[in-house]
Amino acid sequence: MSSTSVPGLARFNTLPDSAAQAALHEVCASSAWGSKLLAQRPYATVEALFAAGDAAMAELTAEDLAEAMAGHPPIGRPKPGDPTSSREQSGMAGASETLKADMLELNLAYQDKFGHVFLICATGRTGEQMRDAVRERIDNSPEQEREIVRTELGKINRIRLGRLVEEEN
C-alpha cells in the first residue's frame, strides 16, 4: 500500500511539522516518540509508520515513558470531552457501580505502588477484563510493569496511528 493510496497517510506526510507534531502528540504524549516519527517522514506505507512507531517506543527511556503515561487518564475516568479516551475505555461505560468502585480502588492502589496510572490497551476489553488485569499486574515489580506498560503503549499507539492515517481530512 503506497501513501498515494492512503489519503490520510499522504496528508500526514505533507502536514507542516508543527501540525504533524501536534497530531503525533495526540497519539502519544511522549515528545521523544513524536520527534522520532516526525523526523522520518515521509512514510511510504502505513506499515512503515507502524514500524517507526514501534522502534521509537522501544527506545523510550523511563522518563519518556512517564511523559507518555501522563497523557492517559485512569481507566474508568476518561478525560471529559475527549472522544478518544471515551472510545478506548468504552468497556467501562456500562459498568456497574460496584465495578466502577473496584476500578477506582485498584487504580489508586496501583498508582500508589508504581507512581503512575494503570495503563492498558483498553480497546475491545470489558470492564471486568480491565479490573482483572490490574489485579494481576499490581504484584509486578516496577521493572516488569515498565515493560508491560511499554507494550501496552505500543498497542495504543498503533491503534491511534491507524486512525490518524485513516482520516481523510
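Y110 is buried, at a relative accessible area of 0%; buried means under 20%, exposed over 50% and partly exposed in between, with a 1.4 Å probe and protein chains only. This is a predicted model, in which local features need pLDDT of at least 70, side-chain atom pairs count only at pLDDT 80 or more, and totals for chains, interfaces and linings use all residues. Residues are numbered from 1 along each chain as its sequence is written, and side-chain values use heavy atoms, with hydrogens and water left out.

Back to Y110. Its ring and that of F118 have centres 5.2 Å apart and planes at 80°, so the pair is edge-to-face. Rings of Phe, Tyr and Trp (its six-membered ring) pair if their centres lie within 6.5 Å; planes under 30 degrees apart count as stacked, over 60 as edge-to-face and the rest as tilted. F118 is also buried, at 2%.

Y110 and F114 both lie in helix α7, residues 97-114, 4 residues apart, about one turn. Helices here are DSSP runs (H or I, at least four residues), numbered from the N terminus. F114 counts as buried at 13% relative accessibility. Y110, F114 and F118 form one aromatic cluster.

Next, helix α2, residues 17-27. Which of its residues are buried? They are A20, A23, L24 and V27. These cover an arc of only 100° around the axis, which puts them on the same side of α2; the arc is taken from the directions from the helix axis to the C-beta atoms. On the other side of α2, S18 and E26 are exposed.

Terms used. Helix = DSSP H or I, 4+ residues; strand = E, 2+ residues; numbered from the N terminus.
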